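Dear colleague,

I am passing the structure below on to you, together with some notes on what turned up when I went through it. Please read the notes with the coordinates open beside them.

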Amino acid sequence: MGDLVARAQGGDPRAEEAIHEQLRPFLTRRLREARARRNWFWLTDLDDAVNRVFAQFFLALRAGKFEFRDPTGLEGFLLRTGFFVIMNLKDKARDARWLSLHDPEEGGLRFDVADFARSAPEDLDHRECLKMLAAAVAALNTNRRDVIERTLLGQSVRQICEETGRSGSSVSGLKFNALKDLQARLVEQGFLERCGELLGLGEGAR
Amino acid sequence: MSDAEFDAAAWERALAPLAPLERALCPPREELAREPLPAALRRHVQACPGCRDDLRDLAALLAPQPATAGLAVRLRLWVDRVRRRVEALDPGGLLPAPAPALAALRGDDAGRGGARLIPFGDGALKLSYLPAPAGVDLELVAEGGAPREFRALLGPVGQPAWEGRTAVEGAVRLSGLAAGSYALEVLGPGARDPEVRLTLDLSEAAPEG
């Protein structure tokens, strides 16, 4: 296998083909298992994902990003390449608003906006805005705060209804009032001046 | 501002970049996949549901599906559980101690049996494996002059993925392991390279020997 990898690193297509043939069943099995375990419902085309992983994998090999030591290390490198490809697909699902980070396996809501703000890199413009948001979220009443935190984790109104047992109108009302509370508090604290441009909030948001 | 004038959707859109789902405040995934995670990133991961979610995805990819224990293993675990219940009713009871339930261990320093000493630092690590209702528990205890603080990484061979870290008592326990092959690496305080590397075969096989 070490010889094949060396040849693939030199751009030999036959070596790439041989590696692909040997490792494809392994990668397919691992992706299928992980999809089932992690509920990657958005990964609908497994073959396409496998092909994308191999494309990235051979690019990385040619770019000298891997040094062969043993077959297990090669499999590990292939799986890590798979991670980056899968995360890109996950980002697309997120952009389509299919994803929520609310994770029942983690005991439900484990998200503290203030903790999250403290952990952000110091040099990020977003950090100050997030701190202001965290303080405003902390001042909400319990029900409104719950709905806002779930919204920040990506849950839709329908999902919040399912998990909290509230009606659609109740959740929508809580969300509307929570956002209005946040707006009032944030505007009062100069949020628009500091973060309005960054977040695309114009004067009309006042 | 009246309710009718308030644009809730605009505010929701504006706050979205501050949400963990957007990853605007998260490190690049290349850094997130680094092993071990730098301290600053660990703090972020603890606070960020998005990064925790990503790391669980990574762990699911790196760790093969745990093998389901075979019938013989389950029977042995059941017998052991019953034995312990009987002993609880009858301390010092009449039943003989069972052989280790899952016990094939190999590696450079491997000996035989349910516990062994592995050279580590100026002392040794005592490695014990114990049958438990949910699988097998592994325990590592620093003895003698071995560092009381160490990290143990366990996972599929070549890709240790799960981490245990000592608190104050110089011991790590990794619980509920299913049958299968695992790589175990142990690192001393501040070390980047493992001082101990072992392959553990937790299977239905009897101890090698």
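Predicted model: local features only at pLDDT ≥ 70, side-chain atom pairs only at ≥ 80, totals over all residues.

Two residues are taken to be in contact if their C-beta atoms, placed from the backbone, lie within 7 Å.

Of the 209 residues in chain B, 31% are buried.

The interface comes next. Here 45 residues of chain A are in contact with 34 residues of chain B. On the chain A side, the elements that contribute two or more residues are helix H2 (13-38), helix H4 (71-95), helix H5 (113-118), helix H6 (125-138), helix H7 (142-152) and helix H9 (168-188), and it is H4(A) that gives the most, with 11 residues. Sorted by class, the residues on this side of chain A comprise 23 nonpolar, 10 polar and 12 charged.

Two helix pairs, both involving H9(A), deserve a description of their own. Two packed helices are described by the angle between their axes and the distance between the axes.

The pair that spans the two chains is H9(A) with helix H1 (residues 8-15) of chain B, whose axes come within 10 Å and cross at roughly 70°; since angles of 65 to 115 degrees count as roughly perpendicular, H9(A) and H1(B) are therefore roughly perpendicular to each other. On the H9(A) side the contact is made by Phe176(A), Leu179(A), Lys180(A), Leu182(A) and Gln183(A), and on the H1(B) side by Ala8(B), Trp11(B) and Glu12(B). By class, the residues of this contact between H9(A) and H1(B) are 5 nonpolar, 1 polar and 2 charged.

The other pair lies within chain A, where the axes of H7(A) and H9(A) come within 9 Å and cross at roughly 90°, so that H7(A) and H9(A) are likewise roughly perpendicular to each other. H7(A) takes part through Asn143(A), Arg144(A), Val147(A), Ile148(A) and Thr151(A), while H9(A) takes part through Val171(A), Leu174(A), Lys175(A), Asn177(A), Ala178(A) and Asp181(A). The contact of H7(A) with H9(A) has 5 nonpolar, 3 polar and 3 charged residues.

With best wishes

Note on methods. Residues numbered from 1 in each chain as written. Chains lettered and ligands numbered in written order. Helix = DSSP H or I, 4+ residues; strand = E, 2+ residues; numbered from the N terminus. Nonpolar A, V, L, I, M, F, W, Y, C, P; charged D, E, K, R; others polar. Axes fitted to C-alpha atoms, helices over the stretch in contact; angles between N-to-C directions. Parallel < 35°, antiparallel > 145°, perpendicular 65-115°, else oblique. Buried ≥ 20, exposed ≤ 12 C-beta atoms within 10 Å, placed from the backbone.
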